[in-house]
Amino acid sequence: MDKKNVTLLGSTGSIGLNTLEVIRRHSDRISVKTLAARKNWKKLEEQVREFNPKLVCLYDEAEADCLRKALKNTSTGVVSGKNGLFETATFSESDTVVSALVGSVGLEPIIAAIDAGKNICLANKETLVVGGKLVMESARKKGIEIIPIDSEHSAIFQCLRENDRRLVKRLILTASGGPFRKLPLNEFSNITPADALKHPNWEMGGKTTIDSATLMNKGLEVIEARWLFNINFERIEVVVHPQSIIHSMVEFVDGSMLAQLGAADMRVPIQYALSYPDRWAATGHRIDLLTIGALTFEEPRQNDFPCLLYAYEAGNRGGTMPCTMNAANEVAVEAFLKEKITFLEIPRIIRNCMDKIPVIDDPTLAQLLENDFQARSLAAKLIP
Ligand code: MG
């Protein structure tokens, strides 16, 4: 069997570390050619020593200098900045790019990787939220299938496999409801970053965990699903499923529903994306149905967590509006994590940017990047 040669973008974050764990277990099947990370040079150095890639990128220039010094006696090249990210994303010896970057910074490298003919395993949902149309068009032109890593989309992708996509009635994305599923609205003003970072079921990076607490994560996933599965927003629904056992469902025209179940463990969808169309044995955590006992479902509290509604609105409006929403959210979440704004301020900043920034229909990549910059600037001005 030919080995998969992988580029991993975002190797020091939560998805990146889980991806390397999957690769470690299947080192007979996968080899790491390049790694890219934002600024954690010590972690990246450890990864270089273990996985021995040909090239690594550290986005932050100053940190990259530290890494260059640390690796000067090895054969691994070190690049940095946006150009470095492009170099790793398009590295000639890689056939597969896993994007575990967080935020819209992942958009350009993924388009470059698609243009270079790489297979794509995508965990970076913001890429499709901002540039879904461009990304899917590029992939179609190149004949590349984008394999989702996000657990909900992996579930839907698995349920759709043997089925004609024209026979899909609706997609049902499950949501855990986050840490504040039962918190009364009048207590939202007291929420601290530490409270919001306590996710009941999943271990994720800071940004995604805050997005889960505001339900923006599910909103971003609705837009991600729209592009990945080419389906209208009217046929994408969200139900809260607090046990996080069913990772999402597909209903077909005859009323049959297919669901994918499993432990809340990101290594499962990551491994599936890397093994697809095959399945590899794994020894991870398994679910015990008798211990779980019951699976329950409830409606999301959309009025108390308006980010989900904003995502449907932005997705339906299309053009640059999802880009604006996403950029404002990235800025607001970072400010919340630094305790500069309250939890309730996050949706307010997003709403404000969506109302003020004019929408461009069918934007080019350059227009999306300009809009992203504009929305970030406006959001930053709204933060004290
Ligand atoms: Mg998800």
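Predicted model: local features only at pLDDT ≥ 70, side-chain atom pairs only at ≥ 80, totals over all residues.
**View 1. Packing of helix H6 against helix H10.** Helix H6 (residues 125-142) and helix H10 (residues 216-229) have axes that come within 8 Å and cross at roughly 20 degrees. Because angles under 35 degrees count as roughly parallel, H6 is described as roughly parallel to H10. The crossing of H6 and H10 is left-handed. On the H6 side the contact is made by Lys125, Leu128, Val129, Gly132, Lys133 and Met136, which meet Asn217, Leu220, Glu221, Ile223, Glu224, Trp227 and Leu228 of H10. Divided by class, the residues of this contact between H6 and H10 are 7 nonpolar, 2 polar and 4 charged.

**View 2. Packing of helix H5 against helix H6.** Helix H5 (residues 107-115) packs with H6 at an angle of about 5 degrees, and the axes of the two helices are 9 Å apart. H5 and H6 are therefore roughly parallel to each other. From H5, the residues in contact are Leu107, Ile110, Ile111, Ile114 and Asp115, while H6 contributes Thr127, Val130, Gly131, Leu134, Val135, Ser138, Ala139 and Lys142. The contact of H5 with H6 comprises 8 nonpolar, 3 polar and 2 charged residues.

**View 3. Packing of helix H13 against helix H15.** The axes of helix H13 (residues 307-317) and helix H15 (residues 345-356) lie 10 Å apart, and the two helices pack at an angle of about 20 degrees. H13 and H15 are therefore roughly parallel to each other, and their crossing is left-handed. Here Cys307, Tyr310, Glu313 and Ala314 of H13 meet Pro347, Ile350, Arg351 and Met354 of H15. In the contact of H13 with H15 there are 6 nonpolar and 2 charged residues, and no polar ones.

**View 4. The buried residues of helix H4.** In helix H4 (residues 81-89), the buried residues are Gly81, Gly84, Leu85, Thr88 and Ala89. Seen down the axis of H4, these buried residues fall within an arc of 135 degrees, so they line one face of the helix.

View 5. Threonine 96 is found in strand S5, which spans residues 96-99. With a relative accessible area of 4%, threonine 96 is buried, because the term applies to values under 20%. When neighbours within four places in sequence are left aside, threonine 96 is in contact with Lys4, Asn5, Val6 and Thr7, and also with Asn119 and Cys121.

Definitions and conventions. Residues numbered from 1 in each chain as written. Heavy atoms only, no water. Axes fitted to C-alpha atoms, helices over the stretch in contact; angles between N-to-C directions. Helix = DSSP H or I, 4+ residues; strand = E, 2+ residues; numbered from the N terminus. Parallel < 35°, antiparallel > 145°, perpendicular 65-115°, else oblique. Left-handed = near helix turned anticlockwise from the far one by under 90°. Contact = heavy atoms within 4.5 Å. Nonpolar A, V, L, I, M, F, W, Y, C, P; charged D, E, K, R; others polar. Buried < 20%, exposed > 50% of the residue type's maximum accessible area, 1.4 Å probe, protein only. Arc of directions from axis to C-beta.
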